Amino acid sequence: MKSLRCPNAQCPLRTNPSLGMIVRFGFYPTRWGKRRRFRCKMCRRTFCRNRGTVYHRLQHRRATFDEVAALSVEGVNKSAIARVQQIAWNTVDRWLEKAAAAGRRFNDQRITKIRIRELQVDEIRAMVGGNGHPPVWIFAAIEVWSRLWPATVVGRRSYRNTLTLFRELCARSTGSHLPLIATDGFKFYRQVVRRIFGVACLYGQVIKKRRNDRVVQVQRKTRFGAAWRWNEVWRDSEDSRKLNTSYIERLNLTIRQLSAYLGRRTLNHARRTQRLEDHLELLRCHYNFLRPHRALKFGREVRTPAMQAGLTHKRLTFREVFMSISTFLRWVKVHCIFIRQVISTAQEDFVVSMAA
Ligand SMILES: [Zn+2]
């Protein structure tokens with residue numbers, strides 16, 4: 001009851017919930033039984049708990065919606081989900097779009113003020129729109145200590161997209177530490193890392209030479225940071241003993257396993273980039289908040305990356321994610337983006353001034 005807000009746009013209680021103004025108001029029948037109704041004492045409008053969430057006006061059980069989302073993030077394609085759940089393909093498509101929007105908002109709201117100790121960044125090549133279309137690249141990053149996947153960018157393999165990814169990482173971090181960053185040899189990383197974190201951070205590249213799809217040579221090059229600082233970092237690190245990109249490569253594999261769109265030699269490739277982006281946002285939400293990570297096993301407890309990063313105290317479910325995100329607070333997102341950009345620029349200045 002405390003978390004309920006009045007969904008009426010004209011009601012003063014919409015943004016300012018005061019105790020005791022939302023009361024229970026009987027039940028209403030649905031195809032699967034009755035559901036509780038609430039009433040706002042201020043504007044006298046009635047509403048149910050699903051109002052404003054992705055479940056609003058759903059013609060099926062909420063559990064079916066959750067199952068569709070869960071199947072999608074386990075790498076099952078939309079046609080297969082439609083057959084298994086015995087619902088129309090268009091319904092599955094529409095639900096996944098809604099679920100992805102909720103997942104994106106949840107990620108935006110919850111993944112903030114993370115402490116970045118060690119960062120690894122890489123790109124995955126994906127096919128969108130079939131043969132003949134240029135490949136699309138998925139930039140992904142991992143915070144190695146917590147295994148958190150803080151940001152992702154989909155698009156061309158360009159300077160602008162690389163910069164967008166690092167700006168987002170900077171905006172989501174506390175900004176109090178200069179991280180250790182490892183990437184592959186892609187040409188724009190060095191410029192972007194210098195621009196966002198300055199030369200005072202530790203930055204290195206792992207360049208792999210391949211012949212016939214096999215790695216024949218690995219070069220590790222430290223770009224920024226003095227040798228004694230690198231030695232200090234390897235001595236203190238719990239995860240890495242030398243410069244590597246193993247963790248991000250493992251995350252790339254997980255992303256490939258859990259996305260029907262990214263399967264090789266299948267017919268499942270995304271027809272539009274937007275669909276791939278949507279799926280990745282839902283997948284990121286699932287990976288960070290719902291899925292226990294095998295590397296984060298402490299006794300009998302297996303934590304999610306978000307638990308390890310201190311963003312949540314328990315493993316969440318899709319129901320909790322979808323119920324906590326309200327669609328009538330959509331304007332908040334626009335404001336958040338604006339505020340985030342302002343903070344990002346301020347943090348960049350701060351980091352650069354620290355570096356200098
Ligand atoms: Zn009201």
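These notebook entries record what I looked up in a predicted model.

**Entry 1: the zinc site**

The SG atoms of Cys 6, Cys 11, Cys 40 and Cys 43 coordinate the zinc ion, at 2.2 to 2.3 Å. I then asked what arrangement the 4 donor atoms form around the zinc ion. The angles they subtend run from 104 to 114 degrees, so the arrangement is tetrahedral. The cut-off I applied is that four donors count as tetrahedral if all angles lie between 85 and 135 degrees. For reference, I noted that the ideal angle for four tetrahedral donors is 109.5 degrees.

Next I wrote down the sequence spacing of the donor residues, which is C-x4-C-x28-C-x2-C. Within this set, Cys 6 and Cys 40 link distant parts of the chain, being 34 residues apart. Cys 6 belongs to the segment before β1 (22–30), whereas Cys 40 belongs to strand β2 (residues 33–40). I also checked burial: Cys 6 and Cys 40 are both buried.

**Entry 2: helices α3 and α8**

I turned to a pair of helices, α3 (residues 89–110) and α8 (residues 273–290). Two packed helices are described by the angle and the distance between their axes. Here the axes come within 8 Å and cross at roughly 55 degrees. Helix α3 is therefore oblique to α8. I recorded the crossing as left-handed.

I then looked up which residues meet where the helices pack. On the α3 side they include Leu 96, Ala 99, Ala 100, Gly 103 and Phe 106. On the α8 side they include Leu 282, Cys 285 and Phe 289.

**Entry 3: two single residues**

Is Tyr 203 buried or exposed? I found that its relative accessible area is 0%, so Tyr 203 is buried. Tyr 203 lies in strand β8 (residues 202–211). Leaving out residues up to four places away in sequence, I noted that Tyr 203 touches Ile 181, Tyr 189, Val 193, Phe 224 and Trp 230, among others.

Last, I examined Leu 253, in helix α7 (residues 246–257). Leu 253 counts as partly exposed because its relative accessibility is 42%. Its C-alpha atom is separated by 9.4 Å from that of Ile 124, a residue 129 residues apart from Leu 253 along the chain.

Notes:
Residues are numbered from 1 along each chain as its sequence is written. This is a predicted model: local features need pLDDT of at least 70, side-chain atom pairs count only at pLDDT 80 or more; totals for chains, interfaces and linings use all residues. Side-chain values use heavy atoms; hydrogens and water are left out. Helices (H or I, at least four residues) and strands (E, at least two) are DSSP runs, numbered from the N terminus. Buried means under 20% relative accessible area, exposed over 50%, partly exposed in between (1.4 Å probe, protein chains only). Donors are N, O and S atoms within 2.8 Å of the metal (3.2 Å for Na, K and Ca); water is not among the atoms, so sites may look incomplete. Four donors count as tetrahedral if all angles lie between 85 and 135 degrees; four count as square planar and six as octahedral if opposite donors are over 155 degrees apart and all others between 65 and 115; anything else is irregular. Axes are lines fitted to C-alpha atoms, for helices over the stretch in contact, and angles run from 0 to 180 degrees between N-to-C directions. Angles under 35 degrees count as roughly parallel, over 145 as roughly antiparallel, 65 to 115 as roughly perpendicular and the rest as oblique. A crossing is left-handed if the near helix is turned anticlockwise from the far one by less than a right angle, and right-handed if clockwise. Contact means heavy atoms within 4.5 Å.
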